[in-house]
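Dear colleague,

Please find the structure below, handed over for your own work.

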Amino acid sequence: MTVPGRLATALAVVAVSVALPFARTPAEPAHPLPTVSFSAMGLSFRYPATWHAGTWDDVSSFTALIVYLSTGQQHDPCTVTTSPGEKSVTCGDPMRTLPPGGVLIQWDLDGFPGFRPPKPNATIAGRPALQTKTSGGWCASLGGTETITVTIPRDQPDNFYQMEACLSAPNLPQQEAQISAMLHTVQIAKGD
């Protein structure tokens, strides 16, 4: 064997020796995040256990808050004003600012006379749904980078579930994956 041939053979042996340990080592299995269950108003799903849930009495003529979920601490977003014979509740957001890499999600039960289901582009809980993603959106004032909105029509006419997720950079792909995983677990009670 010539010198260049021996050198090529030696390099091939070294390359195989270096590559074999990696080829035999299986990839680390994906460790899914621990999750917890949520259920209210005919809607149930699982979400990361590291998120915090918050519910307050935020109800209007056409909308009822189901739950807020967030990676950060929340505060009661509602202010109650009372005067003789009258009580009013005004609610805002449960956070002043979304921290970097943070998530704030709002699930609502909505009903509007004459509501027409939007043209679906997704299926959630076996139902046609609309999912959109926009830069900024409603949560830009909280420091959000991206908004994901999901509308799921209910069996009751003129009614739907809506999820709005505010995401703050960095790690948008990871946050999107967590929201997608949550949406894959959504279940809706029959008749809702």
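Two strands are taken to pair if DSSP finds at least two bridges between them. Strands (E, at least two residues) and helices (H or I, at least four) are DSSP runs, numbered from the N terminus.

This is a predicted model, in which local features need pLDDT of at least 70 and side-chain atom pairs count only at pLDDT 80 or more, while totals for chains, interfaces and linings use all residues. Residues are numbered from 1 along each chain as its sequence is written, and side-chain values use heavy atoms, with hydrogens and water left out.

The seven-stranded sheet

An open sheet is formed by 7 strands in the order S3-S4-S7-S11-S10-S9-S8, with antiparallel pairing. Its edges are strand S3 (52-54) and strand S8 (122-124); each has a single partner strand, so one side of each is left without a neighbour in the sheet. From one strand to the next, the twist averages 25° (axes are lines fitted to C-alpha atoms, for helices over the stretch in contact, and angles run from 0 to 180 degrees between N-to-C directions).

Within this sheet, strand S7 (residues 103-111) is largely enclosed by the rest of the structure, because 9 of its 9 residues are buried (under 20% relative accessible area; exposed is over 50% and partly exposed lies in between, with a 1.4 Å probe and protein chains only). Val-103, Ile-105, Trp-107, Leu-109 and Gly-111 point one way from S7, and Leu-104, Gln-106, Asp-108 and Asp-110 point the other way. S7 pairs with strand S4 (residues 63-70) in the antiparallel sense over 7 bridges, and Leu-109 is the bridge partner of Ala-64. Strand S11 (residues 159-167) is joined to S7 by 9 bridges, also antiparallel; there, Gly-111 has Asn-159 as its bridge partner.

Helix H2

Helix H2 (residues 172-184) lies across S4, S7, S8, strand S9 (127-135), strand S10 (146-153) and S11, and runs at about 160° to S11. Gln-178 belongs to this helix and counts as buried, at 15% relative accessibility. Leaving aside neighbours within four places in sequence, Gln-178 is in contact (heavy atoms within 4.5 Å) with Leu-33, Pro-48 and Trp-51.

The three-stranded sheet

A further open sheet has 3 strands in the order S1-S2-S12, again with antiparallel pairing. Strand S1 (35-40) and strand S12 (187-188) stand at its edges with a single partner strand each, so one side of each has no neighbour in the sheet. Strand S2 (residues 43-48) is joined to S12 by 2 bridges, and Leu-43 stands opposite Ile-188.

Aromatic rings

The structure holds 7 aromatic pairs. One of them, Phe-45 with Tyr-47, is tilted, at 6.2 Å centre to centre and 55° between the planes. Rings of Phe, Tyr and Trp (its six-membered ring) pair if their centres lie within 6.5 Å; planes under 30 degrees apart count as stacked, over 60 as edge-to-face and the rest as tilted. Phe-45 is buried, at a relative accessible area of 3%, and Tyr-47 is buried at 8%. Ring pairs link Phe-38, Phe-45, Tyr-47, Trp-51 and Trp-107 into a cluster.

Yours sincerely
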